[in-house]
Amino acid sequence: MALVPVLPIRDVVIFPGVIAPLFVGRPHSLKSVEEASISDKNLLVVAQRDNGAEDPSPDDLYKVGTLCQVIQMVRIPDGSTKVLIEGTSRALVQNYVQTAEYLSADIIQIQYDGALSTESEPLRRAVLEQFERYVNLHPKLPIEIAFSLSTVEDPFLFADIISSHIQVKINEKQELLELLNPEERMKTLLRFLIRETELLEMEHSIHDKVRREIERTNKEYYLKEQLKAIQAELGQQEGISEYDELLTRIKKAKMPKDVYKKALTELERLAKMPQMSAEATVSRTYIEWLADMPWKKKSVDRLDIGLARDVLDEDHYGLDEVKERILEFLAVQRLSGKGSSKGQVLCFVGPPGVGKTSLGKSIARALNRKFVNFSLGGMRDEAEIRGHRRTYIGALPGRIVQKIKQAGVMNPLMLMDEIDKVGTDFRGDPSSALLEALDPEQNRGFTDHFLEVPFDLSQVMFITTANITHTIPRPLLDRMEIISIPGYVAEEKLHIAERHLWPRVMKDNGLENYSVKISDKILNKIIAEYTREAGVRNLDRQLSKVARKVATKIVNDTEDGKRVSKSVSLTMPLLKKYLGAPKLHETRLPRRDSIGAALGLAWTEAGGDVLVIETAAMKGSGKVIFTGNLGDIMQESAQAALGYLRHRASKYNLGSVDWEKTDIHVHVPEGAIPKDGPSAGVTLALSMLSALTERPISSTIAMTGEITLRGTVLPIGGVREKALAAKRNGINTVIFPKENNVDVDELAEWARQGMAFHYVSNVSEVFNLALLEKKGH
């Protein structure tokens with residue numbers, strides 16, 4: 001056992017019999033090398049377990065290292081020292097000793113004392129053969145190493161020399177160093193060499209495949225270029241080349257001058273690219289899009305106002321405001337010259353099922369324009385409008401440009417559905433991208449990120465649809481002309497069902513050759529008791545259900561051999577059999593005067609509804625209870641109404657009410673549906689006053705209006721929808737805030753017919769109109 005200086009090294013394992021240069025820069029390591037050189041001692045070279053340790057501790061070092069002689073030391077100008085060492089023997093560390101200047105170790109020299117078997121020589125030859133294959137494949141090892149090993153007969157030195165040259169992980173090299181038996185070491189070496197040789201062969205195979213592919217592509221390119229040159233020299237041309245085909249398409253497209261120059265420039269770039277390259281595919285797609293756009297193609301507008309009116313009336317019942325607007329557009333076009341008017345941007349706003357989308361198709365038919373549409377609902381990526389830049393794989397133009405290409409003309413009617421449901425996230429804001437497209441002052445030079453050239457959208461007639469307007473950004477809303485499409489009342493639904501829905505349902509269900517008679521009475525029953533909506537979508541479903549039942553009966557009777565009549569009349573019993581019991585009942589709203597039950601009008605996305613607000617006063621502890629899924633704003637309106645009544649208790653004969661011992665319970669039926677908003681204020685006040693005074697409320701009056709603590713009634717929104725909801729439910733008297741009289745005046749004549757409207761500025765006027773005297777008084 002002896003104490004020797006220790007030199008920790010990284011990424012290298014030194015083997016006995018091997019001379020190797022090392023660069024030493026760490027202070028403790030330099031001291032160890034200097035001590036070994038000056039005192040002519042052996043130096044223990046040990047590999048680190050962790051290469052990241054700058055100042056390794058004994059735990060960071062392996063226990064087996066190599067005793068080495070320092071042959072030469074040379075100082076280098078960068079501060080480090082180059083040391084040439086020669087491994088002499090293996091050594092086992094008994095204990096590391098840390099001195100002030102360097103690390104030392106108590107060691108025992110170790111060597112193999114056993115005898116070699118007869119397998120030693122065959123094993124040596126197998127390792128040498130495998131090592132020669134390894135050297136031939138390895139790009140950094142000279143072949144001379146393998147030749148020099150053929151003369152080494154000592155199995156110990158033979159194994160150590162190969163171990164030092166094979167490039168494997170440090171822990172695997174350390175495993176070779178710690179194997180004392182040369183035969184075991186050569187077996188492990190053989191395993192490592194076979195594995196590394198197979199990996200090198202795979203790398204060479206991959207490199208060869210890539211090289212052959214590149215050579216093949218280049219060969220094809222040069223051969224094609226030579227073929228072009230030969231054909232040009234002979235004056236021959238077999239077929240039309242891709243270049244000539246694209247050039248012909250560009251010339252036929254009749255592009256604007258700047259777009260034409262852009263297309264030719266891109267075509268020249270494409271001609272110089274290898275055809276199989278990814279960039280050539282992108283460039284070819286871009287040129288094809290430019291060539292396929294209808295730069296000069298337009299459809300001729302039909303400016304016959306009488307014919308347009310007939311088409312619109314044929315497709316849709318009512319909707320006079322929309323039809324009038326389209327006729328105005330045609331009149332302006334006719335007087336100012338065809339095509340001279342700027343693109344129009346209309347926004348149809350109304351509840352679901354009132355025919356906004358189908359109206360767009362009818363307008364296109366009336367104008368003789370191509371019709372294209374797409375939905376904006378849920379769109380969150382700006383590139384859906386403006387297109388993707390060509391740097392992205394699979395890039396395409398935006399939806400607007402795609403639809404114009406689909407239409408094949410520059411002046412289609414483009415319908416954008418659900419503009420109120422456009423979203424936004426990290427990919428951009430599509431509604432902001434629509435600002436340029438829908439602005440008549442800007443869209444003459446609309447820029448799509450894919451096309452990268454100005455594109456004229458000024459001749460496109462844009463129509464958008466929405467259920468509500470408050471979710472549409474204000475700048476976008478400002479660029480559109482809002483046309484409200486209200487819900488339908490029962491009379492209108494009856495006409496729509498007779499003229500449009502039932503004939504189409506008959507055709508869709510194969511009944512066009514049969515006479516299936518459905519009376520007005522049956523239709524009114526379906527409308528009143530099986531559907532309750534602003535539009536006619538559910539009505540269409542119910543009629544389709546009836547038609548399917550009739551078709552099934554006809555087929556069953558035919559198969560059973562029964563005589564099938566071509567004429568079928570629907571009766572009430574048949575209707576109940578086909579559709580089941582009525583889903584809605586008239587008893588939902590109170591049909592007689594009652595205490596504490598007031599009828600309020602509410603705006604909904606479905607077009608408006610009538611709410612029953614019930615109040616009960618009882619003995620208690622002065623609590624106010626709200627049930628029926630009321631929102632915060634509606635609860636605050638109820639508190640404001642109660643505050644007003646308590647403040648004016650003497651005026652309304654409430655002086656005898658003991659507020660501290662009276663509980664007030666406010667309930668709105670259909671508790672599964674959330675309800676909110678301030679417009680129920682007057683209804684809540686009326687319901688509370690009725691419950692506290694036990695005076696009944698007229699069941700023929702509905703009302704709406706926001707209330708203040710002073711009893712002032714403030715204006716509300718959704719007047720059209722609320723008025724139609726009252727009419728739809730058979731309520732002919734409606735109370736509105738005084739400032740909403742202008743909104744009522746704008747209602748269509750049919751909506752006001754048979755209705756009585758009262759305008760109030762104070763809640764006391766509501767009480768006078770709706771509260772009745774106690775029974776017996």
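Two strands are taken to pair when DSSP finds at least two bridges between them. In this predicted model, strand β7 (residues 345–349) and strand β12 (residues 461–466) are joined by 5 bridges and run parallel.

An open sheet is formed by 5 strands, in the order β8-β9-β12-β7-β13, with parallel pairing. In general, the strands of a sheet pair through backbone hydrogen bonds, either parallel or antiparallel. At the edges of this sheet lie β8 (371–375) and β13 (481–484), each of which pairs on one side only. On average, neighbouring strands of the sheet are turned by 20° against each other, direction ignored. Helix α14 (residues 399–407) packs on the sheet, where it touches β8 and β9 (413–417). The direction of α14 makes about 150° with that of β8.

Attention now turns to a pair of helices. Two packed helices are described by the angle between their axes and the distance between the axes. For helix α18 (residues 520–529) and helix α20 (residues 572–579), the axes come within 11 Å and cross at roughly 35°. The crossing in which α18 passes α20 is right-handed. On the α18 side, Lys521, Ile522, Lys525 and Ile526 take part in the contact, and they meet Met572, Leu575 and Leu579 of α20. Sorted by class, the contact of α18 with α20 has 5 nonpolar residues and 2 charged ones, with no polar residues.

Terms used:
Residues are numbered from 1 along each chain as its sequence is written. This is a predicted model: local features need pLDDT of at least 70, side-chain atom pairs count only at pLDDT 80 or more; totals for chains, interfaces and linings use all residues. Side-chain values use heavy atoms; hydrogens and water are left out. Axes are lines fitted to C-alpha atoms, for helices over the stretch in contact, and angles run from 0 to 180 degrees between N-to-C directions. Helices (H or I, at least four residues) and strands (E, at least two) are DSSP runs, numbered from the N terminus. A crossing is left-handed if the near helix is turned anticlockwise from the far one by less than a right angle, and right-handed if clockwise. Contact means heavy atoms within 4.5 Å. Ala, Val, Leu, Ile, Met, Phe, Trp, Tyr, Cys and Pro count as nonpolar, Asp, Glu, Lys and Arg as charged, and the others, Gly among them, as polar.
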